[in-house]
Amino acid sequence: MDQQGRKNVSLVELDRFCRSVLVACGANDTTADAVTRAMMHGTRHGVDSHGVRLLDHYVRVLEGGRIKKAPEMKVVNAFGAIETLDAGDGHGALATYTAMDHAVALAGKFGIGAVGIRNSSHFGPAGAYSMEAARRGYIGFTFCNSDSFVRLHGGAQRFHGTNPIAVAVPSAQENPWLLDMATSAIPFNRVLLYRSTGTELPQAVASDASGIDTRDAEAVDMLAPLGGEFGFKGAGLAGLAEILSAVVTGMRLSFDIPGMMSQDMATPRGLGAFVLAIKPDAFGDQATFDAGMMRYLEVLRNSPTREGQRVMAPGDREWAVAAEREKNGVVIDPATREAFSALGQKYGVTLQG
């Protein structure tokens with residue numbers, strides 16, 4: 001229970017509730033499983049913007065027809081270690097888990113496997129799919145683009161989406177090294193948080209409608225690319241995600257994608273994505289790779305720090321949050337709990353906690 005007296009809900013109960021609602025709204029079992037796994041990855045690891053709060057939105061797009069409840073996914077192109085998966089306007093989580101399964105199988109045969117995804121949709125936390133590769137001993141990469149909300153370095157219009165990049169690297173006998181980042185300076189959720197608290201934004205993370213930097217959260221019309229004065233680096237990384245996700249797959253560029261929260265819940269958005277798996281011991285032997293990762297992480301975590309600071313490897317914060325939430329559950333914010341209550345009444349599913 002938090003300071004406001006709100007009860008914690010166990011991760012097991014949240015998983016059950018989400019699956020039950022998705023099945024009740026008509027999603028087939030594979031869709032309900034993939035969507036729930038992706039949302040629970042976000043909630044479990046503290047990426048709440050891409051966690052179970054998305055359930056209400058996903059139900060609305062499934063009911064509206066933007067996303068098919070029982071999509072037919074198929075490989076439409078194959079060349080050596082490369083495939084193209086047509087998601088059939090299914091949910092992005094199902095498409096991307098499926099693509100990573102294929103990429104890992106290809107990497108097991110060729111040492112590397114790459115799968116481009118067509119006709120997909122919002123897939124939630126990118127790290128969920130890279131983690132699937134790492135759990136099986138492979139290095140996993142995940143990329144996608146999204147509707148425009150981030151200006152270019154020096155630009156004055158929305159151009160790229162937040163275009164995440166996620167990489168997970170297995171590490172023997174411990175959690176994987178996990179990088180899951182947007183290529184914008186901050187996520188838009190941070191803007192919403194600062195609006196709600198009346199707090200000024202940091203310098204050079206967002207712009208008004210003219211592309212002028214602003215610290216007033218209420219005036220924000222677009223985000224800045226990662227990198228501040230060196231924002232060309234963030235814009236370049238966003239471009240990499242754009243090329244792999246949209247250009248390679250023949251899907252819509254960020255500035256051509258209909259908004260995720262548009263009023264049209266019936267028309268598919270035509271998103272692309274891209275996953276890659278690498279078999280570490282294809283380059284040498286597994287023992288050498290494992291020793292190198294262990295040595296790297298040991299020295300990183302024990303390196304000297306500035307006063308009052310702590311050095312963490314990518315993913316360390318997420319593993320700490322996951323351990324705490326596995327033990328104590330998670331507090332559901334009021335807006336999400338209200339949405340859950342409405343979903344529960346509609347579909348006859350009760351959330352315990």
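Helices (H or I, at least four residues) and strands (E, at least two) are DSSP runs, numbered from the N terminus. This is a predicted model, in which local features need pLDDT of at least 70 and side-chain atom pairs count only at pLDDT 80 or more, while totals for chains, interfaces and linings use all residues. Residues are numbered from 1 along each chain as its sequence is written, and side-chain values use heavy atoms, with hydrogens and water left out.

Start with helix α7, residues 232-247, and select L240 in it.

Next, select L14, L22, M39, L55 and F340. Within the largest nonpolar core, of 57 residues, these touch the most other members. Such a core is a set of buried Ala, Val, Leu, Ile, Met, Phe, Trp, Tyr and Cys residues joined through side-chain atoms within 4.5 Å. Elements giving it two or more residues include α1 (11-24), α2 (29-44) and β4 (112-120). The most come from α4, with 10 residues.

A second, separate core has 18 residues, among them I165, W177, F274 and M293.

Finish at strand β6, residues 165-171, where S171 lies. S171 is buried (under 20%), since its relative accessible area is 7%. Leaving aside neighbours within four places in sequence, S171 is in contact (heavy atoms within 4.5 Å) with P176, M293 and L297.

Notes:
Buried means under 20% relative accessible area, exposed over 50%, partly exposed in between (1.4 Å probe, protein chains only).
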